[in-house]
Structures are given as structure tokens and as C-alpha cells.
Amino acid sequence: MPAAVPSTTVWVINPNTTEAMTASITGCARAVIAPGTEVVGVTSEIGPASIESHYDEALSVPGVLRAIERGEREGVDGYVIACFGDPGLDAAREVASGPVVGIAEAAMRTASFLGRGFSVVTTLDRTMGRAADLAEHYGMQRFCRGIHACEIAVLDLDDDPDVRKVVTEACREALEADGSDVVVLGCAGMAGMCASVSAELGVPVVDGVTAATLTVQSMVAMGLRTSKRGEFAAPPPKDYLTG
């Protein structure tokens with residue numbers, strides 16, 4: 001019999017321009033998706049090679065929106081923004097007809113179902129403030145017990161042979177320091193480490209890429225789309241200078 005044609009398409013958008021990271025992220029998303037759903041990894045056409053500062057994040061947003069606009073023309077059902085800063089999330093929801101989920105929001109909300117409190121373990125110290133801002137923005141302060149950095153740059157996550165050991169130990173220290181029950185991995189590039197870190201520490205470890213992908217798939221399956229009644233209505237038409 002011929003293979004079934006996927007009924008749902010979800011784009012996992014990597015807001016940076018590093019193709020190898022897109023491949024890794026997409027593999028993690030495909031590993032959990034249900035039959036009948038196609039996951040497509042999309043690398044931003046413009047922007048930084050990695051996102052580790054407010055400047056990087058700001059420059060990544062046009063690429064995210066360009067990808068969403070292309071997806072709308074191609075009939076994509078929903079989108080994941082695969083960066084823990086959730087860059088351009090609100091603007092993407094204005095442009096997209098289907099659901100758009102950022103990995104930080106998905107990871108934090110998922111972790112809140114699994115214990116009384118969670119710890120976030122991210123990459124560099126300078127990104128901790130953004131994670132704290134998002135926890136507050138999403139109403140997750142009561143669950144977020146602490147935010148910690150392993151001090152590994154995003155582009156080194158695939159190259160450093162000691163990455164898993166360093167991240168695991170950072171998670172262990174976060175659990176002990178915060179008295180938390182769950183760990184949230186605060187970078188899309190850490191997505192493939194969940195199972196090994198969880199097995200080592202004996203607690204749930206949440207990766208936002210898989211959490212966001214399954215959240216989008218669930219909303220599409222329920223027939224839910226982004227509301228266009230108010231703030232997430234399409235932006236009013238006007239002229240834009242794009243340079």
C-alpha cells in the first residue's frame with residue numbers, strides 16, 4: 001500500500017542560520033511526533049549564527065517572520081520557534097493563521113505539570129536574564145525556582161566532547177541549589193540530551209523543542225487556530241522599508 005499522505009505539517013523554525021543545529025533540532029522533533037504529521041526543519045535565511053544576546057535576538061526576528069510568511073503561502077498548519085528566547089513570538093502569531101509556540105513557553109508550562117518547581121539550565125550566564133523575563137511574562141515565577149548557566153556557547157554544544165557531562169552536572173547542582181523537582185533545558189541545541197540527563201539524575205528533564213512540537217500538533221488536531229479577534233489579528237497594511 002502507498003504511504004499515507006501527512007495530514008498536518010509543522011515547521012520547526014531555527015531562528016539562527018546554522019544548518020547543523022536545524023538538523024539536530026528537527027531530528028528531536030520527528031522522534032516524538034505522531035503518524036500523520038510531517039515535521040519540516042527550517043533554517044532562518046537571515047540573522048546571526050547563534051543567539052546569545054539581546055542584539056542577536058533582535059536581528060533574528062526578521063528571519064523568523066520571513067519563514068512564517070513563506071509557511072503561510074505554502075499552507076503550513078503550525079509552527080515552533082526553536083530558540084529559548086522565543087524571538088518574534090507575538091509578531092509571528094499576528095502573521096500565522098495556525099498556532100505558533102515558542103520552546104521556552106512550552107518547556108516551562110510542561111515542567112509546571114510535572115512538579116512543584118523547576119530549574120532552568122541554559123548556556124551562557126548573559127542569557128539568564130532573558131529566561132527570567134520570560135518566566136515572569138508567562139506567569140511561571142511561582143514554578144521557576146532558579147536559572148543557571150553551564151557556560152557553554154551555543155555553537156560548542158555539538159563540538160565539545162564534555163558537553164553532556166557538563167550539562168548534567170549543571171542540572172544536578174541546580175536541583176540541589178533550588179530544591180526543584182524538574183529541569184528545563186534552556187537551549188534548543190540541548191534537545192538531544194533530555195533522556196540521558198533524566199536517566200542520570202532521576203527527575204523529569206524537559207526539552208522545549210519536543211514540548212512545543214507536540215503542543216502545536218495537539219492544537220492542530222483539536223482544530224484550534226490563532227485568534228484573529230484582537231491583538232493577534234493581521235497587522236494593519238502599510239508600507240515598510242526593508243533596506
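Biologist: Let us begin with a loop. Where is Asp-86 found, and is Asp-86 buried or exposed?

Modeller: This is a predicted model. Asp-86 is found in the loop between strand 3 (78–81) and helix 3 (89–95). Buried means under 20% relative accessible area. The relative accessibility of Asp-86 is 3%, so Asp-86 counts as buried.

Biologist: What is the value of phi for Asp-86?

Modeller: Asp-86 is a residue other than glycine, and its phi is positive. The value for Asp-86 is near 50°.

Biologist: Let us turn to another loop residue. Which side chain makes a polar contact with the side chain of Ser-180?

Modeller: Ser-180 lies in the loop between helix 6 (163–178) and strand 7 (182–185). Its relative accessibility is 10%, so Ser-180 counts as buried. Not counting residues up to four places away in sequence, Ser-180 touches Gly-117, Phe-118, Ser-119, Arg-145, Ala-174 and Leu-175. The polar contact of the Ser-180 side chain, at 2.6 Å, is with the side chain of Ser-119.

Biologist: Which residue has a side chain joined to that of Thr-37 by a polar contact?

Modeller: Thr-37 is found in strand 2. At 14% relative accessibility, Thr-37 counts as buried. A polar contact of 3.1 Å joins the side chain of Thr-37 to that of Gln-217.

Biologist: How far apart in space are Val-42 and Glu-19?

Modeller: Val-42 lies in strand 2 (residues 37–43) and is buried, with a relative accessible area of 4%. Leaving aside neighbours within four places in sequence, Val-42 is in contact with Trp-11, Val-12, Ile-13, Asn-14, Thr-22, Ala-67 and Arg-70. Val-42 and Glu-19 are 23 residues apart in sequence, and their C-alpha to C-alpha distance in space is 8.7 Å.

Biologist: Next come the helices. How are helix 1 and helix 8 oriented to each other?

Modeller: Two packed helices are described by the angle between their axes and the distance between the axes. Helix 1 (residues 19–32) and helix 8 (residues 208–221) have axes 9 Å apart and pack at an angle of about 50°. An angle under 35 degrees would count as roughly parallel, and one of 65 to 115 as roughly perpendicular. Helix 1 and helix 8 are therefore oblique.

Biologist: How many nonpolar, polar and charged residues does the contact of helix 1 with helix 8 have?

Modeller: Helix 1 contributes Ile-25, Cys-28, Ala-29 and Val-32, and helix 8 contributes Val-209, Thr-210, Thr-213 and Leu-214. By class, the contact has six nonpolar, two polar and no charged residues.

Biologist: How many nonpolar, polar and charged residues does the contact of helix 6 with helix 7 have?

Modeller: The axes of helix 6 and helix 7 (residues 194–201) come within 10 Å and cross at roughly 50°, which means that helix 6 is oblique to helix 7. The contact is made by Arg-164, Thr-168, Cys-171, Arg-172 and Leu-175 of helix 6, with Ser-196, Val-197, Glu-200 and Leu-201 of helix 7. By class, the contact has four nonpolar, two polar and three charged residues.

Conventions
Residues are numbered from 1 along each chain as its sequence is written. This is a predicted model: local features need pLDDT of at least 70, side-chain atom pairs count only at pLDDT 80 or more; totals for chains, interfaces and linings use all residues. Side-chain values use heavy atoms; hydrogens and water are left out. Helices (H or I, at least four residues) and strands (E, at least two) are DSSP runs, numbered from the N terminus. Buried means under 20% relative accessible area, exposed over 50%, partly exposed in between (1.4 Å probe, protein chains only). A polar contact is a pair of N or O atoms within 3.5 Å; within protein, one must be able to donate a hydrogen and the other to accept it, and residues adjacent in sequence count only if both atoms are side-chain atoms. Contact means heavy atoms within 4.5 Å. Axes are lines fitted to C-alpha atoms, for helices over the stretch in contact, and angles run from 0 to 180 degrees between N-to-C directions. Angles under 35 degrees count as roughly parallel, over 145 as roughly antiparallel, 65 to 115 as roughly perpendicular and the rest as oblique. Ala, Val, Leu, Ile, Met, Phe, Trp, Tyr, Cys and Pro count as nonpolar, Asp, Glu, Lys and Arg as charged, and the others, Gly among them, as polar.
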